[in-house]
Amino acid sequence: MTESLAPSHTSVLLEALIGGVLGKTNGTYVDATFGRGGHSQALLARLEPEGRLVALDRDPEAAAAAAAIQDPRFQFVRRPFSQMSAVLAELAIDSVDGVFADLGVSSPQLDQASRGFSFMRDGPLDMRMDPGQGQPVSDWLKTASVSEIAEVLRRYGDERYAGPIARAIVARQSAAQQGQAPYLARTRDLADLIVQTLSRAGAPRESQHPATRSFQALRIFINHELEELDSLLDQSARIIKPGGRLAIISFHSLEDRRVKQAITQSKRAASFQRPPGMGRAQSAILAQALAAQPRRAVWTAATRIRPLDRERASNPRARSAVLRIATRAQP
Ligand SMILES: C[S@@+](CC[C@H](N)C(=O)[O-])C[C@H]1O[C@@H](n2cnc3c(N)ncnc32)[C@H](O)[C@@H]1O
């Protein structure tokens, strides 16, 4: 049975994701990004008693929310999804019927000033999804060079004014080192610095806050979000059974491009294992012949789904969401 969770996060593309990932209703599934459990609960509502759902999240508050779900079919493990295969092995699960992920940050992470994700709410300049791992953005900005900061802002935020912003950050940190100004320690400090820098550089006014791209870039960098995603895609191609499904919701083109490439381009050679009784020489010839065959697609039947206007109007997070669903090819 499931106790109700605080409705602090409105799940995006709920029906489309669950309908898309769910095949066998008595199968085993992974929710790689539990958040507040909206997608997990919707899947549990459709699973039979023999079904199983393993949920992951690296955020301690997601773990606290997961503790409210009392259901024998459900297990939560607080780990990054790059460790999905290791977690499943620890649970003695060698393959699954589906994996889904709803990438990025949850509304509670953004809304809570103390997590340091938001330029709208002043808080410590942190941005880690797991505050026990890695370093907060404020620490990184104390030691990073102009070129390192500019590279992050350009690569992960597509920020045209990456150079001027990086120079302003490093100038501010140098002044702090000499006791002439405080270090950048709060989200508002950084947001104000970016606003001033863009205005001095004559950047055109735009509808979104001028710090949006820089905050996105620093968050992606400090949480290794793209490396995590690559690892999840790679592991999913091995852990999902033939006929099983992968469903990923992404929120910007850097993520969506990776998901698209992984499911439309990944190919593998037919796998070969020496059958018992076959000699080594004969098996080597057979393996070589198989490896020379055309490589086969790992995924088939990929679909792309965008939220309907109704959902985009009622949930601002849905505006940039893209859901891709793929089916694991038969061997
Ligand atoms: C958009 S929210 C998920 C919301 C969830 N689907 C729901 O309906 O409540 C994304 C969640 O993924 C988690 N997350 C992001 N990257 C992660 C990673 N590499 N490993 C584990 N969790 C991650 C975040 O901590 C956050 O809680």
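Biologist: What should I know about the numbering and the confidence limits?

Modeller: Residues are numbered from 1 along each chain as its sequence is written. The model is predicted: local features need pLDDT of at least 70, side-chain atom pairs count only at pLDDT 80 or more, and totals for chains, interfaces and linings use all residues.

Biologist: What makes up the secondary structure of the protein chain?

Modeller: There are 14 helices and 9 strands. Both are DSSP runs numbered from the N terminus: helices are H or I with at least four residues, strands are E with at least two. The C-alpha trace spans about 75 × 50 × 35 Å along its principal axes.

Biologist: Which domains does the chain have, and how far apart are their centres?

Modeller: Domain 1 covers 14–107 + 225–265 + 298–328, and domain 2 covers 130–222. The bounds come from an automatic or database domain assignment. The C-alpha centres of domain 1 and domain 2 lie 31 Å apart.

Biologist: Why is Met127 called buried?

Modeller: A residue is buried if 20 or more other C-beta atoms lie within 10 Å of its own, exposed if 12 or fewer, and partly exposed in between, with C-beta atoms placed from the backbone. Met127 has 26 other C-beta atoms within 10 Å, so Met127 is buried. Met127 lies in the loop between helix H5 (107–111) and helix H6 (137–143).

Biologist: Why does Ala92 count as exposed?

Modeller: Ala92 has 6 C-beta neighbours inside 10 Å, so Ala92 counts as exposed. Ala92 lies in the loop between H4 and strand E4 (96–102).

Biologist: What is the phi of Ala92, and what is that of Met127?

Modeller: Phi of Ala92 is near 60°, a positive value. Met127 has a positive phi of about 75°. Most residues other than glycine have a negative phi.

Biologist: Why is Ser82 called partly exposed?

Modeller: Ser82 has 19 other C-beta atoms within 10 Å, so the label is partly exposed. Ser82 sits in the loop between strand E3 (74–77) and helix H4 (84–90).

Biologist: What is Ser82 in contact with, leaving aside its neighbours within four places in sequence?

Modeller: The partners are Glu228, Ser231 and Leu232. Contact means C-beta atoms, placed from the backbone, within 7 Å. From C-alpha to C-alpha, Ser82 and Glu228 are 5.3 Å apart, yet 146 residues apart in sequence.

Biologist: How do you know that the span of helix H7 agrees with expectation?

Modeller: The expected span is 1.5 Å times one less than the number of residues. Helix H7 (residues 146–157) has 12 residues and should span 16 Å; its end C-alpha atoms are 16 Å apart, so the two agree.

Biologist: Which residues of H7 are buried, and what do they pack against?

Modeller: Ile149, Ala150, Val152, Leu153, Tyr156 and Gly157 are buried. They fall within an arc of 165° seen down the axis of H7, so they line one face of the helix. The arc is that of the directions from the helix axis to the C-beta atoms. They pack against helix H8 (162–177), helix H10 (212–222) and helix H12 (253–265).

Biologist: Which residues come nearest to the ligand?

Modeller: Of the 21 residues around the ligand, these are Ser11, Thr33, Gly35, Gly38 and Glu228. A residue is near if its C-beta atom, placed from the backbone, lies within 6 Å. Glu228 is also among the buried residues of H11.

Methods
Two residues are in contact if their C-beta atoms, placed from the backbone, lie within 7 Å.
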